[in-house]
Amino acid sequence: MTSSQASRFSPDQPPQSFCAHLTERARALFGAHPFAEELSEEQVGSLLPEYLAMSQAFPYLQAGSQKDLIFDAMHHNRDLPRDIELTSVVANFICWDETGGYGRVLQGGKAALPDILLTENFHSNLFRRDASRLLGRAIRPNYSATTNRYLHSLYDGLSAKDPVVRCAYMVAFELHAAEMIQALWTTTVKTFDARPDDLEYFRSHVGGKDPAEKYHGEMTCRLIGELVAADRNGFFLDEFDRAYRLNLQWCHDLLRIVSLEQNDRSEIEHRGHCHCGSVKFRVRAPRQLSAVRCNCSICRMSGFMHLLVPGDRLTIECGEEFLTTYQFNKNIARHTFCRVCGVKPFYRPRSNPSGFSVNVRCLDKTTIEGIKIDEFDGEHWEQAFSSMQPGPRLCIEEPTPE
């Protein structure tokens, strides 16, 4: 549907008709939702914290979007126009529903009002519970730069001074949400081989006989007949397209990021050597390396930059006969040096004697896409080691020998 077909919208049409027309328009313009793609468990695992951030922030953004409009009326000492009343009441209800209030009252009447303090019923927390169960670990929202930009742009639209723009952004968000949630539900169930009805967030929004998203869409679409005059139909449709594209682009961007992250974590072969080239080796590690800089005596003096890998990831191509071993203090770590040039390209660390710590400075730079460097206080090894979070020990060296 194009702007020339805006005449299909008239104030006496039911909101269901607006919803159907605009959903059809969005599908024709933008195609299938990107979340309908086949995704790996790792990709979904990276996507869910971003979605949780959006789900957590949205009701607050929607409820607060009228703030500047109210302050403007206060500043100019003027009455509120009806368009602000309309977008505010719809925004407030959506916030009330997203934070679990409407559902509690619907189930238990006014007597259930004290239960609104049970914040575990917030829709974002229902999603958090579903996602954590699927992943087998607790998740927290990830307000990445991409999601931050999206939420700021969304708020700009929801809080626009022009009521037609506010209406377009509210309608586009809700109609896109219905498509997005359905696509993510289908993909998540397939990826994790889960039972659809076990995922409460998805079931309550788009599943069952009476899903919530249908009413959110119809409620916001009702604003069209109230706020969009016939001579502004074309403008509304243009703004709707812009707003829908904003929501959809966030989803595309997230998938691009998680795909890049997966590529970064996939292992490739890096080549390395000592200074004179007598010792040559290969190591399998991600394109984006995570290294650790340690300030213990031997690391500080040698300038070693640690990359910990399992023992089967490193292969010595030549020069093993040139390696000599040095040990000190507890004699656990086996520091291997080239006896020709004195450089330590890799060694068996104290923290992982069955694996290797590779000197990133000895690797060929052409295969390294980036290096993330963390600091480790090896000078106070025992305290630093005990305070580390569970997980791979990247640089764990011995304290200065006495």
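The model is predicted, so local features need pLDDT of at least 70 and side-chain atom pairs count only at pLDDT 80 or more, while totals for chains, interfaces and linings use all residues. Residues are numbered from 1 along each chain as its sequence is written, and side-chain values use heavy atoms, with hydrogens and water left out.

**Helix H2**

Helices (H or I, at least four residues) and strands (E, at least two) are DSSP runs, numbered from the N terminus. Helix H2 spans residues 41-64 and has 24 residues. From first C-alpha to last, H2 reaches 35 Å, close to the 34 Å expected at 1.5 Å a residue. The expected span is 1.5 Å times one less than the number of residues.

H2 carries a kink of about 35 degrees at Ala57, shortly before the proline Pro59. The bend at a residue is the angle between axes fitted to the seven residues ending there and the seven starting there.

Burial is the next point. Buried means under 20% relative accessible area, exposed over 50%, and partly exposed in between (1.4 Å probe, protein chains only). In H2, 18 of the 24 residues are buried, so the helix is largely enclosed by the rest of the structure.

**Aromatic pairs**

A pair of aromatic rings is described by the distance of the centres and the angle of the planes. Rings of Phe, Tyr and Trp (its six-membered ring) pair if their centres lie within 6.5 Å; planes under 30 degrees apart count as stacked, over 60 as edge-to-face and the rest as tilted. The count comes to 16 aromatic pairs.

One of them joins Phe58 and Phe173: ring centres 3.9 Å apart and planes at 15 degrees, so the pair is stacked. Phe58 sits in helix H2 and Phe173 in helix H8 (residues 163-192), so this pair links distant parts of the chain, 115 residues apart. Phe58 is buried at 3% relative accessible area. Phe173 is buried too, at 5%.

Phe127 and Tyr201 make an edge-to-face pair, because their ring centres are 5.1 Å apart and their planes stand at 75 degrees. Phe127 belongs to helix H6 and Tyr201 to helix H9 (residues 200-206), so the contact ties together parts 74 residues apart in sequence. Phe127 is buried, with a relative accessible area of 1%. Tyr201 is buried at 3%. Both rings are members of one aromatic cluster, formed by Tyr51, Phe127, Trp185, Tyr201 and Phe202.

**Salt bridges**

A salt bridge is a side-chain nitrogen of Lys or Arg within 4 Å of a carboxyl oxygen of Asp or Glu. The whole structure has 21 of them. The table gives examples.

| Pair | N to O distance |
|---|---|
| Glu179 and Arg27 | 2.7 Å |
| Glu200 and Arg129 | 3.5 Å |
| Glu369 and Arg287 | 3.8 Å |

Glu179 forms a salt bridge with Arg27. This pair links distant parts of the chain: Glu179 is in helix H8 and Arg27 in helix H1 (residues 15-30), 152 residues apart. Arg27 is partly exposed at 48% relative accessibility.

Glu200 and Arg129 meet through their side chains. Glu200 lies in helix H9 and Arg129 in helix H6, 71 residues apart. Glu200 is partly exposed at 32%, and Arg129 is partly exposed at 35%.

Glu369 and Arg287 also form a salt bridge. Here both partners are in loops: Glu369 between strand S9 (356-359) and strand S10 (370-376), Arg287 between strand S2 (280-286) and strand S3 (288-294), 82 residues apart. Glu369 is exposed at 53%, whereas Arg287 is partly exposed at 25%. Elsewhere, salt bridges that share partners join Glu269, Arg271, Arg282 and Glu317 into one network.

**Surface and loops**

Trp96, Tyr102, Leu106, Leu113, Ile116 and Leu117 form a nonpolar surface patch with about 580 Å² of accessible area together. Patches are made of residues with over 30% relative accessible area and no salt bridge; like charges are joined within 9 Å, nonpolar side chains (Val, Leu, Ile, Met, Phe, Trp, Tyr) within 5 Å. Accessible areas come from the Shrake-Rupley method with a 1.4 Å probe; for residues, only the protein chains shown count as cover.

Leu117 is found in the loop between helix H5 (101-108) and helix H6 (123-135). Leu117 is exposed, at 69% relative accessible area.

Leu80 lies in the loop between helix H3 (67-76) and helix H4 (82-98). Leu80 is partly exposed at 30%. Leu80 and Ile70 are 10 residues apart in sequence and 7.5 Å apart in space, C-alpha to C-alpha.
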